[in-house]
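Here are some notes for a colleague who is opening this structure for the first time. Please read them with the sequence and the 3D view side by side.

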Amino acid sequence: MGMDSVDRQALIDAGLDPDDPQVWVVQQRISDLLVCYGIMRTVSGHSAVPEA
């Protein structure tokens with residue numbers, strides 16, 4: 001995750017310290033987890049949008 005102004009502002013809005021390197025580590029892990037989850041759903045044939 002790059003330290004661009006949007007990411008930085010999102011962390012501030014969430015009440016997190018954007019100058020704390022550990023915050024960025026955790027956010028990168030969450031981002032990686034969401035990417036893996038999306039790949040898993042795609043590979044397993046589940047739609048990302050629930051059907052009504």
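This is a predicted model: local features need pLDDT of at least 70, side-chain atom pairs count only at pLDDT 80 or more; totals for chains, interfaces and linings use all residues.

1. Helix 2 covers residues 21–43, and its 23 residues, at 1.5 Å a residue, should span 33 Å. The C-alpha atoms at its ends are 33 Å apart, which agrees with that expectation.

2. At the start of helix 2, the backbone nitrogen of Gln22 has a side-chain oxygen of Asp20 within 3.0 Å. Beyond the other end, helix 2 is followed by Gly45, which has a positive phi, near 90 degrees.

3. Helix 1, made of residues 5–13, packs with helix 2 at an angle of about 105 degrees, and the two axes lie 12 Å apart. Because angles from 65 to 115 degrees count as roughly perpendicular, that is how helix 1 and helix 2 are described relative to each other. Helix 1 contributes Asp7, Arg8 and Leu11 to the contact, while helix 2 contributes Val23, Trp24 and Gln27. Sorted by class, this contact of helix 1 with helix 2 holds 3 nonpolar, 1 polar and 2 charged residues.

4. Trp24, which lies in helix 2, deserves a separate look. Its relative accessible area is 12%, and since buried means under 20%, Trp24 counts as buried. Trp24 and Asp7 are 17 residues apart along the chain, and their C-alpha atoms are separated by 9.5 Å.

How values were computed:
Residues are numbered from 1 along each chain as its sequence is written. Side-chain values use heavy atoms; hydrogens and water are left out. Helices (H or I, at least four residues) and strands (E, at least two) are DSSP runs, numbered from the N terminus. The expected span of a helix is 1.5 Å times one less than its number of residues. A polar contact is a pair of N or O atoms within 3.5 Å; within protein, one must be able to donate a hydrogen and the other to accept it, and residues adjacent in sequence count only if both atoms are side-chain atoms. Axes are lines fitted to C-alpha atoms, for helices over the stretch in contact, and angles run from 0 to 180 degrees between N-to-C directions. Angles under 35 degrees count as roughly parallel, over 145 as roughly antiparallel, 65 to 115 as roughly perpendicular and the rest as oblique. Contact means heavy atoms within 4.5 Å. Ala, Val, Leu, Ile, Met, Phe, Trp, Tyr, Cys and Pro count as nonpolar, Asp, Glu, Lys and Arg as charged, and the others, Gly among them, as polar. Buried means under 20% relative accessible area, exposed over 50%, partly exposed in between (1.4 Å probe, protein chains only).
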